[in-house]
Each structure stands twice: as structure tokens, then as C-alpha cells.
Amino acid sequence: MLTDGALRMLVLLHFNGLGFSALTLAWLFLLYEIAGVVTNLAAGWIAARFGLASTLYGGLALQILALGALAQLDPAWGVGASVVFVMVVQGLSGVAKDLAKMSAKSAVKLLAPAAEGALFRLVAALTGSKNAVKGLGFFLGAALLGLIGFRPALWVMAAGLALILGAIVAFLPPGLPAGKKGAKVSAIFSRDARVNGLSLARFFLFGARDTWFVVGIPIYFSALFDDGTPEGGRAAFFLVGGFMALWIIGYGAVQAFAPRLLGAARRSEADLEGAARHWAGALVPIPLALALAVALAPAPAPWLTATLIAGLLLFGAVFAVNSSLHSYLILAFAGAERVSLDVGFYYMANAAGRLAGTALSGLSYQLGGLPACLATAGAMAAASWLAARRLGRIPRPEGAQ
């Protein structure tokens, strides 16, 4: 996750500095998100067939390969060749990240103790720390780009990840499922209405975030902070990377705190489903209010920058509670015998939402600037809220709390 966050900032800021348009920058990440959709669908079956450890090792190895491949990018190539090459390598990185993430999340369901609230606490701790590390990666990527440049940064990250892979192969404890030969490909798709409903809400939730997160805000802040000098460009790298890192780290911290914030140890699964509907509704007005503020402002100003930063941090806190509730509910809904399949399907929806958000981020910013970008994010958040409300009307299975 550290290299995943760093790679995103390296690619975004490096190619923005080369003069790529917002829509072209969005294209660089599209195959990454498409790969996430396909990988999460397939990864659940791969883990069920070959074991969770195999998908964890495969994810780490593929990320090393992706970092090394991207270091071969030649500045002499034309724009078209560069975009296609980076898209393909980003797609490989997307496969790597989702293999590793699905493995870790599925393992929590199998290893969590049976105590009340233990599953939510472990899910929140894993998800929160994962996102805090990814947030640190955003800052790391921007800092490495400013200090040592694009290609050396990639080799440094590949070497570090190779050491981590070696340590995990050597010291991973036994106990993860080894896989079953009879796992069927058709089992990838869930027939559980609750899993499907939650997956739809997840699709729009992450679409709402990435609609402003991937291209719109980083490019807006880069233009705002860069005064056109080499020193100003480096300072903009640090400021933009620092904000994105702060957002992700804060998001991860709120995720980890969510069980205590919600009093999860004293609440039933049905109560937490209701909380998911409430918090989905609370997210909707934030991007819409920010879109209105930017649209009404005659020009960028310190008050507007402060408003955007505060509003997006608030968005991150509310988004984190939503995400944490979803991460708990998917494991609560999933059956132990098909946990990797249900988690894979759910994260397929997550990746599809990021894909839609990535495309909308570049397109909306290109057509209407930051106001259109934020307003589109608000529309996606509203769709997530409607999907969460529909989840409450799905009959609960016998024996559910």
C-alpha cells in the first residue's frame, strides 16, 4: 500500500509537469481501475482454488514487476506511446494491489475471535492502518519525485518491496486456507441480495470520492501553488502530496476509530446496517456545498483554499465511517465457506466505482473545472445513499442478529 500510494502521486505529478491535460491524466489511471474490477472478480476464485497465501505473494511480486517496468519509460517516446505504456503498467499495479488487499481482508473473517464486536474492531484496525500507510505513500511519492526524480524513485520502491516480499515468504505463519480443487468459476458472482446491495452502495461511495480525488483537486492545487519557477514546482509537489497524504492518513485514523465512535460492541448487525444508511446521507451535502462555494467565488482566494481543505477533510471523516461500516458488513454478510468470493465480488464493485470516479474526475474537470467535479461527486454520494436505503428493505436471513 505504501508503494501503491507513492506510485499514484509519482505518475500524476510527473505527467502533470509534462503538460498532460486533466482528461489524459485520468486515462493514465483507467486501466489500473479496470484491472481492479477484473482482478477482484477473479481473485476470490483464485484464493478459493489455490489459497490466500498464493494471492498475497502474487500481488507483492507483480507490484515489484510494475515498478521496474515503469522505470523503463523513455522520455523520447511520443505522448501516445507514453500514455499506452503507463496505462498498461498501471493496470499491472492495479492487479497487484487488489490481490494483496483481498487476501488480507478475507483473512480477517477467518482469524477473528468470536467475541462480540471483535470482527468490526479487527476490520477497522486493518483498514485504517492500510489507508494510513497508503496516505504516507502519497507524501513519499511526491517527496521522492522532488528529491531524486522519477526513475530513481521507482527503483528505490521496488528494492524496498522486494525485501518485504522476502520477509513475508520466510515468516508468514501457517493457518490460511490452502484452497480447494472443486472451486467453480461460476461461484464468483454472489446470489446474496445483501452482498449485492452493499456492493452497489460501495460502487457509488468510492465513485464519489475518486471523482474529485484522482484528478480534480490535485491538479487544481498544483496550479494554485506552482508559481512557474523550478522551486515553485517542487514546493507544489510537496504541498499537494502533503495534503493528499494528510487526507488518506486522517481517513485511515477515523476508520480505525469508527467502532468506538459507533459504539459497535453494544450494537447488533441490524443496528449497524441502519448506521450505514444514516452516514451515507450525511456525506451528500459536503461536496455539493464545496461545489457551490467554488462556483460563486470570483477567483481563487485564501478563504476558498481554506474552505476546500476543511470541507474535504470533513468529507474524509464521514467517508471513513461509511467505508468502515461497509468493510464490516461485507464480512458479516459473507459466509465462511465463500468469504474470499464474496469479498472479491464486493471489492470488484469498489474498483468499478473507482473506475467510474476516475473517468468522471478527468471529464468533469475538463468540461466544467472544479465546481463540476465536486458537483458530480455529490451526485455519486447521493446515489450511494439511495443504494444504502434500499439495503434496509432486503429481508434478513433467519438467524441474523
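This report describes the helical fold and the aromatic pairs of a predicted model.

Residues are numbered from 1 along each chain as its sequence is written, and side-chain values use heavy atoms, without hydrogens and water. Because the model is predicted, local features need pLDDT of at least 70 and side-chain atom pairs count only at pLDDT 80 or more, whereas totals for chains, interfaces and linings use all residues.

The protein has 13 helices and 0 strands, where helices (H or I, at least four residues) and strands (E, at least two) are DSSP runs numbered from the N terminus. Of its 401 residues, 54% count as buried, that is, under 20% relative accessible area with a 1.4 Å probe and protein chains only, while exposed means over 50% and partly exposed lies in between.

The whole structure holds 18 aromatic pairs, in which rings of Phe, Tyr and Trp (its six-membered ring) have centres within 6.5 Å, with planes under 30 degrees apart counted as stacked, over 60 as edge-to-face and the rest as tilted. Two of the pairs are set out below.

| Pair | Centre to centre | Angle of planes | Class |
|---|---|---|---|
| Phe221 and Phe225 | 5.6 Å | 25° | stacked |
| Trp247 and Tyr251 | 5.5 Å | 35° | tilted |

Phe221 and Phe225 lie 4 residues apart in helix H8 (residues 216-225), about one turn of the helix; Phe221 is buried at 1% relative accessibility, whereas Phe225 is partly exposed at 28%. Trp247 and Tyr251 are likewise 4 residues apart, in helix H9 (residues 230-262), and both are buried. Trp247 and Tyr251 also belong to one aromatic cluster, whose members include Phe138, Phe206 and Phe213.
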